[in-house]
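Please open the structure in your viewer and keep the selection panel at hand. The stops below are meant to be taken in order.

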Amino acid sequence: MAAISFLGVNGNLLRQSLRLGLSVLITCAIAQHFQRITFLWYPLIAVIFVVDDQDDNSLRAARGRILGTMAGGLVTFVVHTILSGWIGILVSLLITIPLLRRLGWTSGLGTACTITLMFLAIPGYSLLNWQYVFNRSVDTVVGIAVALLMGRLFWPKNRIARMQELDDQLRAILLRRLQLHSAALQGHGPKPDAIKPDSITTMLLELQRLINVEESLGARQVLRLRRQRWRQRMSLWRCQQVRWLLVERLLERLHLEEGTVVLRELGSHLDLSSPIRWQRLTIADSSALPSLPQRIALEEEVTRFRRLIKSQQTLNAVVTS
């Protein structure tokens, strides 16, 4: 997949396409071999719903698909023994939607509504019996089983590993930026290029999304997040992002107005390898320094920024210990 990404192809999109294609191929092969699936549409639509690029919880999608199929099929069958046509569809939806909400099966609403509308496309739907509902539920289970199997065998998603990867990437970017700024302010190198805040924001949003998904999966996942202190780590990143970008803007403005600037106290404070802990940054008063408002802003924001970084280092040490 690394070679594919190098060629400019989205690796995640390719994985999802291969997973979906294999799931559809195997589902069609099962239907052809056993010759019991009359309407191939049902297992295939189940595959599409479960193998969803935006759905990080395939088990929840599968459960919603099964419950939606059963509820939609049963309610629609009962209603269509009394009513027919669009009136029957309307009444079925008016019963199914509140019922699923009441039972807490809201993840199956889309499936139930789809099943209800699909009855109109079946010739002689008013003559269908309970066996039809059972057979269609079994057909749906076949598609779900195939999709889940493909999801577990081919490129299963590991959200915790992805969260750690994003955290490591953000810390690597932060460390690299601080090294460049520290070297430039101590006269050991050129100033770095302007930071790209959109990439940092994108990674933080992805990290928060993955945390939210894990928290929604149950008590076991929530306990694992607590052990690894992901809520605290994310909270620190949110606070740190604001200070980080503000310090970057202050330094960029300083270089823009003053040109090449050597501020060894500031450079030393931005060097994470220095023994500075919680001390406040103090820039010596000198006529060669920038204006007083700039000096005050740099002292205040860099001090807060360094303290946040120290807190993050302490938390990471606790997590990895």
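What follows is a tour from the whole chain to single side chains.

The model is a predicted one, in which local features need pLDDT of at least 70 and side-chain atom pairs count only at pLDDT 80 or more, while totals for chains, interfaces and linings use all residues. Residues are numbered from 1 along each chain as its sequence is written, and side-chain values use heavy atoms, with hydrogens and water left out.

**The whole chain**

Begin with a cartoon view, where the protein shows 13 helices and zero strands (helices are DSSP runs of H or I with at least four residues, strands are runs of E with at least two, and both are numbered from the N terminus). Of the 321 residues, 41% are buried; here buried means under 20% relative accessible area, exposed means over 50%, and partly exposed lies in between, with a 1.4 Å probe and protein chains only. Contacts are heavy atoms within 4.5 Å, and among those with a separation of 6 or more, 72% are between residues 24 or more positions apart.

**Helix 5**

Next select residues 85-103, which form helix 5, a run of 19 residues. Its buried residues are Gly 88, Ile 89, Ser 92, Thr 96 and Leu 100, and seen down the axis they fall within an arc of 90°, so they line one face of the helix (the arc is that of the directions from the helix axis to the C-beta atoms). Turn to the face away from this buried side to find the exposed residues Ile 87, Leu 94, Arg 101 and Arg 102. Just after the helix, Gly 104 takes a positive phi of about 80°.

**The largest core**

Now show Met 163, Leu 207 and Leu 266, which touch the most other members of the largest nonpolar core, a set of 34 residues. Such a core consists of buried Ala, Val, Leu, Ile, Met, Phe, Trp, Tyr and Cys residues joined through side-chain atoms within 4.5 Å. At least two of its residues come from each of helix 8 (159-185), helix 9 (197-215), helix 11, helix 12 (264-270) and helix 13, and helix 11 gives the largest share, nine residues. Centre the view on Leu 207 and, leaving aside residues up to four places away in sequence, you will see that Leu 207 touches Met 163, Leu 166, Trp 230, Met 234 and Trp 237.

**Salt bridges**

Switch to charged side chains, looking for salt bridges, that is, a side-chain nitrogen of Lys or Arg within 4 Å of a carboxyl oxygen of Asp or Glu; the count by this rule is 12. Which residue forms a salt bridge with Glu 301? The partner is Arg 243, with the closest N and O atoms 2.5 Å apart. Glu 301 lies in helix 13 and Arg 243 in helix 11, so the pair ties together parts that are 58 residues apart in sequence. Glu 301 is buried, at a relative accessible area of 12%, whereas Arg 243 is partly exposed, at 21%.

**A loop and a last stop**

Move to Arg 229, in the loop between helix 10 (219-227) and helix 11 (230-258), where phi is near 55°, a positive value in a residue other than glycine. Finish at Glu 299 in helix 13 (residues 292-320), which is buried with a relative accessible area of 14% and, not counting residues up to four places away in sequence, touches Leu 281, Thr 282 and Ile 283.

Notes. The expected span of a helix is 1.5 Å times one less than its number of residues.
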